[in-house]
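Hi,

Here is the structure I said I would pass on. Have a look at it first, and my notes follow below.

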Amino acid sequence: MKISSDSEKILHILVDRKVKPGAFIKVYRRNSCNLDKTINYFLNYKNLEFKYDACDLNYDFTRNNWNSSQDVIDFVLRNKIGLLSIGDDDYPDMLRQIHLPPLLLFFKGDRIKKMEFSIAIVGSRKCTAYGKEAAMYISKNLSEMGIIIVSGLAAGIDSFAHRAALEGKGGSIGVLGCGIDLVYPPENRVLYEKIPENGSIITEFLPGTPPLKSNFPVRNRIISGLCQGVIVIEAGERSGAIITCEIALKQNREVMAVPGSIFSPSNKGCHRLIKEGAKLVENIDDILDEFSIYTGKIFKTRQENKFSSKKEKENKDHDTNLNGNELRIYEYIGYKSKSIEDIVKYSGIEVKEVLRILAYLEINGLIKEDSFNKYSRLF
Amino acid sequence: MIFKLDSFTLEGIDAVKVSVEVHLSRGLPEFTIVGLPGKAINESRQRVRSAVINSGFDFPVKKIIVNLSPADIKKDGSFYDLPIALSILAASGQIQSEIWNESYFVGELSLDGNINPVSGLISMAEEALNTGKNFFFVPYSIAEQVSFISDIKVIACKNLSEAVEALSNREKTEKFVYKGRSVVDKHFCYGFDFKEVKGQFKAKRALEIAVGGRHNIMLIGPPGSGKTMLAKRAVTIMPDLNLEECIDVTKIYSLYRKNVSGLIRERPFRNPHHTISRIGLIGGGINPGPGEISLAHRGILFLDEFSQFPRNFIEDLRQPLENREIVITRNHFSYTFPCNFMLIVATNPCYCGYFGNDSGKCVCSLREIKKFWKKMSGPIMDRIDMRVSVDRLPETSFTNTEYDESSKIIKSRVNKCMGMQIQRFKGSNIVCNSEAGIDTINESVKDDKKISDLISMISRKYNLTARGMASILKVSRTIADLEASVSIKEHHVIEALNYRVCFNYDNDSDASINCM
């Protein structure tokens, strides 16, 4: 992978000259976003350390044990890590527009270069089964339409959103709160390896940066910054997801929320967002509606498909060869879940035969086990 | 004056002959027992003295030395009260008998001369049989335990005076021969039945299969769903113990508690609490005894709240599950206890217990649930072929009983299923499907194209490992046996799919939790 000269110079200023990224951006903006001018300014200026100390984005790159920027470049080249600077053409436009854009992006995978329309899915690290299902459902459907799903590669909702998105053609972008060479949390190791195949993982932190607590709110601005909108699933009253939403609103992005149980504390944040005006997401169309400018075409074809797929399902019913008892049980089960006991009593068929039929219907994707020993129809 | 008669000591589950030698000599009155006696034997001096006096005999005022030979084996227990008392009486010339050399003696004396039960009687009887003596003097209250042995005459005595009477001449001896009821015909009943479990069809069917193929099984369900009730009833559908098995079980139980009156006919059901100690579970101790796994020999070991058992205890089960016996080795000895049990474990699905229940009460995050399952030991989970979900039933299910079969009906099916397996594994040391190697099982499906297609489809769809698939095939084999089908058919494999709970909260290979 090639590294542009701009990237090298910025890395030099940040690592060797110890300039805070916030200071760099301040000067960059003052120079009407002329990168060359900014770089020259910093290269020629001595004694910068004190002048721009009090800026918004003052995290300390020097906390890493990198002796020089050349070491970083060597490391990046050796490990086949991509590096983009704010001046590069591939740098996402959406991100360039935010208040404090990251100057450098370390990345793996190529999705970052072809970003058109992307949506972030964020939520609790401690999600419930409901949250998981919601995240997987939304993420998978959006991804199948070619929409890129951005999330934070954390445990819980994030990981499920990524996992489902990888199945679709949109793929997924994971934004890290640590160096690109670290895996955090460790249980997402497999996702780390899989995402670059159908997406990217990116970070603005230098390789080797540990997942410090303070990194995550900083990272959140990139998640919302990369996307047209943010969908929140299962966020507590004070959580990272809510911080992301606040940043998203400042960045002029859409915020949507998936509702949950009113008794569960893990949905309080989402419900507050809805009360404050976030769009309530019940299905995919709710999301597409909001972004009809970008998705007009997808939305239309989807509506048309809906009718044809209904027909397909009807055909499917006839296609699957269900014999008498199988059909009887299948028809009895219905969409509200029925227990094995109910099915046996209704049909009068032997238990072992009922169990066989249920397993048969399940492997053919016609029914699913909702909760222990209770089944409902999928079609 | 010296006198000698024979008794036994216990080494693990086996009895070893011990000679009780008494020497009365002049000197200051003294009563000493040598030959590595334990505390209970040393105390026997006081019991013997009182019993002898209270039975109307004289206790000799002499220097009494009792030796238990072989002298280098550690001995403990109260078997020697009766032999010591009798040999002292004989040595002091108070009683005579022709049958000293043809007899064995065991029994604990109480102060009034009554003979109390001792442990391990059945092992001793077997050893007595092997050595070819005629008479075996035992406590009356537990004589039924050994009455099945016809080649040796069991002399059951209630007290010391009776023992002396029985020894006086051969006619009298015959009078005391124990004539118990024929044990094998004795009717027994567990006191509970599968009929009492309403609904829970899947779990019942699963237990039938599990017992049929001796598969270890895990019941997963919220509190109050009836896991314990179901597990307890699994013994009622196991085939009745035959005489040999009865002896096996009684042997272990007679080590464990003294008052085993007759042969044990019921299959044991052991349900240890999770605060059990390691030795309590596996066996061992200063005087090595059987642990819960051996007490569950030929029956069921039920571990309720499986997740609460300390992990290393559970790991200890690995070898016994494989070898069906446990070798307890310490500094000076190595004893083997049999432990051929079927394992049933029950657990909640998560910390709060309500995951998978449709009440929506579960408050656990997926991460917590993952953590919960991660605690379960992988190698043990490998040995559990079936996982079955059990859920609470609504009240309406408690009224309709026409579908609830009695244990007797289920047992007859299980018996047939076992018969199929005995035929199949004839000539090998395997007895049931769960022990069969995967090659053996594969043999019955390899020619069937339909089955192999189905298997590859299933393993793809459920992301099953080879191990998980092997379990499914073994269970299918048992289902086929229940139907008396020689080959595994498609519908057997499909039914077997019911008996693996997949939580599906993680599809990644490295995180595929122990749910197959």
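Into which domains is chain B divided? There are two of them: domain 1 (2-180) and domain 2 (194-432). The bounds come from an automatic or database domain assignment.

Before you go further, this is a predicted model, in which local features need pLDDT of at least 70, side-chain atom pairs count only at pLDDT 80 or more, and totals for chains, interfaces and linings use all residues. Residues are numbered from 1 along each chain as its sequence is written, while chains are lettered from A and ligands numbered from 1 in the order in which they are written.

**Domains of chain B**

The C-alpha centres of domain 1 of chain B and domain 2 of chain B are 40 Å apart. Their contact involves 17 residues from domain 1 of chain B and 18 residues from domain 2 of chain B; residues count as in contact if their C-beta atoms, placed from the backbone, lie within 7 Å. On the domain 1 side, β1 (2-11) and α3 of chain B are the elements that give two or more residues. The largest share, three residues, is from α3(B). By type, that side of domain 1 of chain B has eight nonpolar, six polar and three charged residues. Here Ala, Val, Leu, Ile, Met, Phe, Trp, Tyr, Cys and Pro count as nonpolar, Asp, Glu, Lys and Arg as charged, and the others, Gly among them, as polar. Helices (H or I, at least four residues) and strands (E, at least two) are DSSP runs, numbered from the N terminus.

**Helix pairs in chain B**

Axes are lines fitted to C-alpha atoms, for helices over the stretch in contact, and angles run from 0 to 180 degrees between N-to-C directions. Leu121(B), Ile122(B) and Ser123(B) of α3(B) meet Ile247(B), Thr250(B), Lys251(B) and Ser254(B) of α8(B). These contact residues split into three nonpolar, three polar and one charged.

Next come α15(B) (residues 407-424) and α18(B) (residues 466-482), whose axes come within 8 Å and cross at roughly 115°. The two are therefore roughly perpendicular to each other. Arg413(B), Cys417(B), Met420(B) and Gln421(B) from α15(B) make the contact with Thr478(B), Asp481(B) and Leu482(B) from α18(B). Three nonpolar, two polar and two charged residues take part.

From α1(B), the contact uses Ser44(B), Arg47(B), Val48(B), Ala51(B) and Val52(B), and from α2(B) it uses Asp81(B), Ile84(B), Ala85(B), Ile88(B) and Leu89(B). Seven of these contact residues are nonpolar, one is polar and two are charged.

**Chain A**

Chain A is assigned domain 1 (5-78), domain 2 (111-298) and domain 3 (320-377). The C-alpha centres of domain 1 and domain 2 of chain A are separated by 29 Å.

An open sheet of nine strands in chain A has mixed pairing and the order β1-β2-β6-β5-β4-β3-β7-β8-β9. β1 (82-85) and β9 (279-280) of chain A are at the edges with a single partner strand each, so one side of each has no neighbour in the sheet. Strands count as paired if DSSP finds at least two bridges between them. β4(A) (residues 148-151) and β5(A) (residues 172-175) run parallel, joined by three bridges, and Ser151(A) is opposite Gly174(A) of β5(A). Helix α6(A) (residues 129-144) lies across β3 (118-123), β4, β7 (229-233) and β8 (254-258) of chain A, at about 175° to β3(A).

There is also an open antiparallel sheet of three strands, in the order β10-β12-β11 (chain A).

**Where the chains meet**

Chain A gives 28 residues to the contact and chain B gives 29. On the chain A side, the largest share is eight residues, from α16(A). That side divides into 13 nonpolar, five polar and 10 charged residues.

Cheers

Conventions:
Parallel < 35°, antiparallel > 145°, perpendicular 65-115°, else oblique. Contact = placed C-beta atoms within 7 Å.
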